[in-house]
Amino acid sequence: MNSAMSKKKVVVIGGGAAGMMAAGRAAESGADVLLLEKMERPGKKVLISGNMRCNLSNARGFEEFIGMYGKNGKFLYSSLRRFSRNDLLNFFALQGLKTLVEPDGRIFPASGRSSEVLAVLLQYMSQNGVKIETESPVREIKTSGGHVTTVYTTRSSYGADAVILATGGASYPQTGSAGDGYKMASALGHSIIKLRPALVPLVTEGSKARDLQGISLKGVRITSFACKAEDIDTSLIPHKDCGRGIAGRKVRLPLIESRTGDVIFTHFGLSGPAVLLMSLAVVDALDQGFVAATIDLIPQKGHKHAEEELQGTLSSNGSRYVQNILEDLVPAKIAARILAEAGVSGRTRANQVTALQRENIIRTLKDFRLDVKGSRPLAEAMVTAGGICLDEVDPRTMQSKLIKGLYFCGEVLDIDADTGGFNLQAAFSMGYLAGDSAAKHD
Ligand SMILES: Cc1cc2nc3c(=O)[nH]c(=O)nc-3n(C[C@H](O)[C@H](O)[C@H](O)COP(=O)(O)OP(=O)(O)OC[C@H]3O[C@@H](n4cnc5c(N)ncnc54)[C@H](O)[C@@H]3O)c2cc1C
């Protein structure tokens, strides 16, 4: 048999970060590789990622890195060791792409352009002879005797020794990831863990958030609870932030998560980095019952300290309106809302504010509550949580434990992480391992 005849035929379904890396690596390892992409070109999500800057990985240490994926993180031990962050950075460097680490640990292309990341992936595939067919949506993977045999698009069929399913999640379907992979895997007997939106804005009850829409709060602390707003017990708010990826004590209900960061009021509820980070835990808690959030607008000041400071400011500005004094602390619209909730007229002169009113103002500033009734839909989430059950996939090879020759990588699996470059690193690492294994499949 000559070498061309003995080449493994690998078909990769989906040209996202995971599929492109898998295809390039399988071809580099000697396979004859065909990448089938549904859209008119591969890599649409890579292009929009990180606000078009593509946060491709993170500088955190290994254990902390794994922790960012929650309880499913251990599945990534093999792939993150086989193709680590440093391997990824070397890979980009060898292909001529410089990267830089930001002070918070996030890693971006030095040019700040996601298009350069995509260009490297396309170059890697072309250097290794990957054939790409775009506008080729795959609809079915056929098997015989428990082994993959053929991949069917709407137009053609392709024989395969190994198939890598890399169709992504079900969020941002305009980029091509519309959940097709779940149907194909499920048709072959794989279990799909319930899909949920992650890194998604939250929808709140009533008009409270809507009245404040457009306001962006910097460095506030938001804490979510599994109860109604009126039942929040603020004594349960921990001293430090807590949630997925933050080492520390175990969180117990009714406390869900607590995050410090920016929060934005919108016409439907809450958005901003701190909200997105806690959103998956909130979505899961909403499945069980009520959820409410409380925002501490002045987290850097303890209750007593804040009250003393306010008392000092009020007495040295006796003739000013309390509304104007509060506007030095928080945006005007919020100041008005805080005073309304505290039962104080904004036109009260500072020297007429009573001790009880002062106490109420501080309490409301440190405990601004909203009932959460849901999240924005999966299509608007940055990441899909849930997906192909990890118990049915061998993490050392990414091969299905049910169907021989079938491999998975990327967001189609039940793995997701917080923002920071972890989702793309996982896609690249799993893609590399899947490509490597598929090329060696026998
Ligand atoms: C707005 C936004 C910003 C983000 N920013 C970051 C970031 O900065 N850093 C980070 O780590 N993560 C980020 N993420 C998440 C990250 O982009 C994804 O987790 C990652 O790209 C998933 O890669 P994937 O290859 O598994 O899937 P995808 O990138 O979704 O690729 C799947 C591919 O499969 C194709 N496909 C689907 N069905 C079929 C079919 N039937 N036949 C053929 N092809 C098919 C799709 O068209 C698509 O090209 C962001 C996500 C979003 C939405």
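Q: Where is Pro254 found?
A: Helices (H or I, at least four residues) and strands (E, at least two) are DSSP runs, numbered from the N terminus. Here Pro254 is in the loop between strand 13 (216-225) and strand 14 (255-265). The peptide bond leading from Leu253 into Pro254 is cis, and its omega is near 10 degrees.

Q: What kind of model is this, and how are residues numbered?
A: The model is predicted: local features need pLDDT of at least 70 and side-chain atom pairs count only at pLDDT 80 or more, while totals for chains, interfaces and linings use all residues. Residues are numbered from 1 along each chain as its sequence is written, and side-chain values use heavy atoms, with hydrogens and water left out.

Q: In which loop does Cys54 lie, and what is its phi?
A: Cys54 belongs to the loop between helix 3 and strand 3 (57-58). Its phi is near 60 degrees, a positive value in a residue other than glycine.

Q: How many residues surround the ligand?
A: A residue is near a molecule if one of its heavy atoms lies within 4 Å of it. In this model 35 residues surround the ligand, and the closest are Glu37, Asn55, Val138, Glu411 and Leu424.

Q: Which N or O atoms of the protein lie by oxygen atoms of the ligand?
A: A polar contact is a pair of N or O atoms within 3.5 Å. In the side chain of Glu411, an N or O atom is 2.6 Å from a ligand oxygen. Backbone N or O atoms also take part: one of Gly50 lies 2.9 Å from an oxygen atom of the ligand, and one of Gly421 lies 3.5 Å from a ligand oxygen. The protein covers 96% of the 1000 Å² of accessible area (Shrake-Rupley method, 1.4 Å probe) that the ligand has on its own.

Q: Which elements give two or more residues to the shell around the ligand?
A: They are helix 2 (17-28), helix 3 (44-48), helix 8 (180-187) and helix 15 (422-439). Helix 15 gives the largest share, four residues.

Q: What are the domains of the protein chain, and how far apart are their centres?
A: Domain bounds come from an automatic or database domain assignment. The assignment gives domain 1 (3-196 + 384-439) and domain 2 (201-375). Their centres, taken over C-alpha atoms, are separated by 40 Å. The contact (heavy atoms within 4.5 Å) takes 12 residues from domain 1 and eight residues from domain 2.

Q: How much area do domain 1 and domain 2 bury between them?
A: Buried area is the accessible area (1.4 Å probe) that two parts lose on being put together, summed over both. For these domains it is about 750 Å², with 42% of it on carbon and sulfur atoms. Of the area that domain 1 buries against domain 2, Lys194, Arg196 and Asp418 supply 54%, more than any other three residues.

Key. Polar contact = N/O pair within 3.5 Å; in protein donor to acceptor, adjacent residues only side chain to side chain.
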